[in-house]
Amino acid sequence: MKEEAILIINVVCEEAYSVNGKNTDIVMIPFTGTAESAYFKGKIIGTGVDTQKIPKGEKTFLSARYMLEGEDYTGQRCRIFVENQGNDMNCCKPVIVTDSEALAELENIPLRAIVEPAEGGVTVNIYKEKEN
């Protein structure tokens with residue numbers, strides 16, 4: 001049985017900008033996009049940003065922050081803030097804050113995200129973390 005993503009965000013990346021420090025390089029990638037799943041449909045408000053910290057000789061740390069606006073599965077207008085962090089695009093840890101009553105449980109349960117390359121950007125699939 002295939003696991004169902006509770007949020008699917010189709011990200012369109014804009015031009016990146018960076019600074020190369022003595023010990024760490026920083027890359028910031030602004031982005032826009034849309035979200036569509038059985039639980040929420042909407043779009044990114046304004047511009048989100050993916051910040052990549054690349055310490056020399058160590059793993060890259062990814063941190064993306066953005067806000068979505070749209071409708072939850074009950075048809076109510078709502079907003080969802082997402083902060084997605086990690087060292088591996090196959091296992092990031094998102095945190096969600098929302099004003100949706102129907103989606104409120106997402107603020108209190110463990111989530112995981114898989115970020116997959118897509119034309120012009122990436123697709124972020126957010127899942128409820130599997131129980132052991």
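**Close-up views of a predicted model**

**View 1. Phe-31 is buried in this predicted model, with a relative accessible area of 4%.** The threshold for burial is under 20% relative accessible area. Two aromatic pairs are present in the structure. One of them is formed by Phe-31 and Tyr-66, edge-to-face, with 5.3 Å from centre to centre and 75° between the planes. This pair connects distant parts of the chain, since Phe-31 belongs to strand E3 and Tyr-66 to strand E6, 35 residues apart. Tyr-66 is likewise buried, at a relative accessible area of 4%.

**View 2. Tyr-39 and Tyr-73 form an edge-to-face pair.** Their ring centres are 6.0 Å apart and the ring planes stand at 90°. Here too the pair links distant parts of the chain: Tyr-39 sits in the loop between E3 and strand E4 (40-44), Tyr-73 in the loop between E6 and E7, and 34 residues separate them. Tyr-39 is partly exposed at 27% relative accessibility. Tyr-73, at 47%, also counts as partly exposed.

**View 3. Strand E7 pairs with E6 and with strand E8.** E6 and E7 are antiparallel and share 10 bridges. The hairpin of these two strands has four residues between them, and within the hairpin Gly-75 adopts a positive phi near 90°. E7 and E8 (residues 93-98) also run antiparallel, joined by six bridges, and the hairpin from E7 to E8 passes through six residues. Asn-84 of E7 is the bridge partner of Ala-64. Asn-84 also stands opposite Pro-94 in E8.

**View 4. The largest pocket has a volume of about 250 Å³.** Its lining consists of 18 residues, and those nearest the centre are Asp-50, Ala-64, Val-115, Val-122 and Val-124. Two or more lining residues come from each of strands E1 (7-13), E3 (24-36), E5 (48-55), E6 (61-72), E7 (77-86) and E10 (121-128). E6 supplies the largest share, four residues. By residue class, the lining of the largest pocket comprises 12 nonpolar, five polar and one charged.

**View 5. Thr-123 lies in strand E10 and is buried.** The relative accessibility of Thr-123 is 15%, so this residue falls on the buried side of the 20% limit. Apart from neighbours within four places in sequence, the contacts of Thr-123 are Ile-8, Ile-9, Asn-10, Ile-114, Val-115, Glu-116 and Ala-118. Among these, Val-115 is also one of the residues nearest the centre of the largest pocket.

How values were computed: Residues are numbered from 1 along each chain as its sequence is written. This is a predicted model: local features need pLDDT of at least 70, side-chain atom pairs count only at pLDDT 80 or more; totals for chains, interfaces and linings use all residues. Side-chain values use heavy atoms; hydrogens and water are left out. On a 1 Å grid over the protein atoms alone, a cavity is a set of points where a 1.4 Å probe fits but cannot get out, and a pocket is an open set with protein on both sides within 12 Å along at least five of seven lines; lining residues have an atom within 4 Å of a point. Grid points are joined across faces, edges and corners, and a volume is the space filled by probe spheres set on the points. Ala, Val, Leu, Ile, Met, Phe, Trp, Tyr, Cys and Pro count as nonpolar, Asp, Glu, Lys and Arg as charged, and the others, Gly among them, as polar. Buried means under 20% relative accessible area, exposed over 50%, partly exposed in between (1.4 Å probe, protein chains only). Contact means heavy atoms within 4.5 Å. Two strands pair if DSSP finds at least two bridges between them. Rings of Phe, Tyr and Trp (its six-membered ring) pair if their centres lie within 6.5 Å; planes under 30 degrees apart count as stacked, over 60 as edge-to-face and the rest as tilted.
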